[in-house]
Amino acid sequence: MKSYLGPLNRDNPILTQTLGVCSALAVTAQLKPAVVMALSVTVVCAISNLIISLIRNTIPPRVRIIVQLLVVSTLVIMVDQVLQATFYDVSKMLSVFVGLIITNCIIMGRLEGFALSHTPGASLVDGLMNGLGYGLVLVVVAIFRELLGSGTLWNHQLIPSSFYEAGYLNNGLMILPPMALILVGGLVWIQQGTRKSSEK
Amino acid sequence: MKTFSNRYIFIYITVMVTIIALLLTLVSLGLKPMRENNQQIEKAQQILKAAGYGKIDKKEAIALFNEVSERDDLNGEEAYNIQCADGTQGHVLYVKGKGLWGPIWGYVVLSDDFTTVKGVVFAHKSETPGLGDRITEDAFQQAFIGKKLYDKNGNYVSVRVLPAGREGGISDDNRVDAISGATLTSKGVDEMLQQLTVDN
């Protein structure tokens, strides 16, 4: 049971395996696109893990990467279409990054490293947990960036206007990609630091 | 490891691709009405914004758009007559051009006599976030309001998008500052607007 929860902390795809960092920097300026992206990746990761695991004994090893890419890109295109039909403005905010889920190393990594050699049930959970681990980092980073960079959360103004009248300014650096990298770096630091002390 | 014949691999991939193609076609066709509806709403919202109505709620955009505008194509291009928020009549012209990475397009609202810009909106498919995609920001689009299409001698120059210091003799009445860091996207907007044909 403990190993299932690994992706949320010790084996976090972004913090420990340093995968999927590009999209984590790109979509975290606001909470809403970050949550939608996190859900999209989780859905794609879980379902592709399940499908690949179900057909793992029929996949010829020589073309397994092609088969994996076919499954992943099919799911991503479907997610993209659903987003365009239901969350049109968010899908525009995410722009190319939904399509780029296809090349997200977390998903290919889980398919290669887990789904090909495990049962469908375990693979589904593994995909789900890795997607959630990725999403967790996105949401934490996005909360910092939106709150400090725009004074809002989920587009609701949280910092009262009296603060601005008293001279408070939004931190413009927060909404630029470099600050996302610094925040992710900070999370890696915290996570690595606490891990060491618990393993001593 | 199990070995698979070439024949098996070939049939496997063919069957898989066929299933995926069918699946994607079904999803795409099934969601098409919702996607198109979203695009219609967005277009109505954009044109209304250019005509000075501000941001109109999704639910009201199409109704309001139909109320204040009527289609009146110009030179075979999509165009509308519209009653602007300030009570005057205007003409909405559709423009399209090339950005750095993909197509850009927009709507230009002109005064009744086709000489003055009353507002613009621009949209793009895949311009760089934070640089080229700033053509969709209010700060850039509001700079177009009140610009003239003709110079002081009555020659048609359209509205040029040129960086300060490289105006090339174009007066500020006919010029908007280019976006620094987005030279090619700005150039795309410049070229797009030069194709604006207002001759009746």
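## A bridge between strand and helix in chain B

Arg160(B) and Asp190(B) bring their side chains together in a salt bridge, 2.9 Å from N to O. That ties distant parts of the chain: Arg160(B) belongs to strand S6 of chain B, while Asp190(B) sits in helix H4 (residues 183-194), 30 residues apart. With a relative accessible area of 4%, Asp190(B) is buried. Keep in mind that this is a predicted model.

## Other salt bridges

Searching the whole structure turns up 12 salt bridges over all chains. One of them is in chain A, where the side chains of Asp126(A) and Arg110(A) meet at 2.9 Å, N to O. Here too the partners come from distant parts of the chain: Asp126(A) is in helix H8 (residues 120-150) and Arg110(A) in helix H7 (residues 105-113), 16 residues apart. Asp126(A) has a relative accessible area of 8% and is buried. Arg110(A), at 17%, also counts as buried, because the cut-off is under 20%.

Back in chain B, there's a network of salt bridges linking Glu167(B), Asp172(B), Arg175(B) and Asp177(B). Within it, Asp177(B) pairs with Arg175(B), with the closest N and O atoms 3.0 Å apart. Arg175(B) is buried, at 9% relative accessible area.

## A closer look at Asp177(B)

Asp177(B) is placed in strand S7 (residues 175-177) of chain B. So is this residue buried or partly exposed? Its relative accessibility is 41%, so Asp177(B) counts as partly exposed.

Leaving out residues up to four places away in sequence, Asp177(B) touches Phe140(B), Val161(B), Leu162(B), Pro163(B) and Ala164(B). For Ala164(B), the backbone nitrogen lies 3.2 Å from a polar atom of the Asp177(B) side chain. As for Glu70(B), 107 residues away along the chain, its C-alpha atom is separated from that of Asp177(B) by 32 Å.

## Aromatic pairs

Now for the rings. The count is 10 aromatic pairs over all chains. Tyr94(B) and Tyr107(B) have ring centres 5.3 Å apart and planes at 50°, so this pair is tilted. Tyr94(B) lies in strand S3 (residues 89-98) and Tyr107(B) in strand S4 (residues 103-111) of chain B, so the pair ties together parts 13 residues apart in sequence. Tyr94(B) is partly exposed at 24% relative accessible area, whereas Tyr107(B) is buried at 5%.

Phe122(B) and Phe144(B) make an edge-to-face pair, 5.3 Å centre to centre with 75° between the planes. Phe122(B) comes from strand S5 (residues 117-124) of chain B, and Phe144(B) from the loop between helix H3 (138-142) and strand S6 (160-162), 22 residues apart. Phe122(B) is buried with a relative accessible area of 3%, and Phe144(B) counts as buried at 1%. Over in chain A, ring pairs join Phe163(A), Tyr164(A) and Tyr168(A) into a cluster.

## Where the chains meet

How many residues of chain B are in contact with chain A? There are 24, and they contact 25 residues of chain A. About 2,100 Å² is buried between the two chains, with carbon and sulfur atoms giving 69% of that area.

Between chain B and chain A the count is one salt bridge. It joins Lys92(A) to Glu42(B), with the closest N and O atoms 2.4 Å apart. There are also eight residue pairs in polar contact across the interface. Helix H1 (residues 6-50) of chain B gives the most to the side of chain B that touches chain A, with 18 residues.

Key
Residues are numbered from 1 along each chain as its sequence is written. Chains are lettered from A and ligands numbered from 1 in the order in which they are written. This is a predicted model: local features need pLDDT of at least 70, side-chain atom pairs count only at pLDDT 80 or more; totals for chains, interfaces and linings use all residues. Side-chain values use heavy atoms; hydrogens and water are left out. Contact means heavy atoms within 4.5 Å. Buried area is the accessible area (1.4 Å probe) that two parts lose on being put together, summed over both. A salt bridge is a side-chain nitrogen of Lys or Arg within 4 Å of a carboxyl oxygen of Asp or Glu. A polar contact is a pair of N or O atoms within 3.5 Å; within protein, one must be able to donate a hydrogen and the other to accept it, and residues adjacent in sequence count only if both atoms are side-chain atoms. Helices (H or I, at least four residues) and strands (E, at least two) are DSSP runs, numbered from the N terminus. Rings of Phe, Tyr and Trp (its six-membered ring) pair if their centres lie within 6.5 Å; planes under 30 degrees apart count as stacked, over 60 as edge-to-face and the rest as tilted. Buried means under 20% relative accessible area, exposed over 50%, partly exposed in between (1.4 Å probe, protein chains only).
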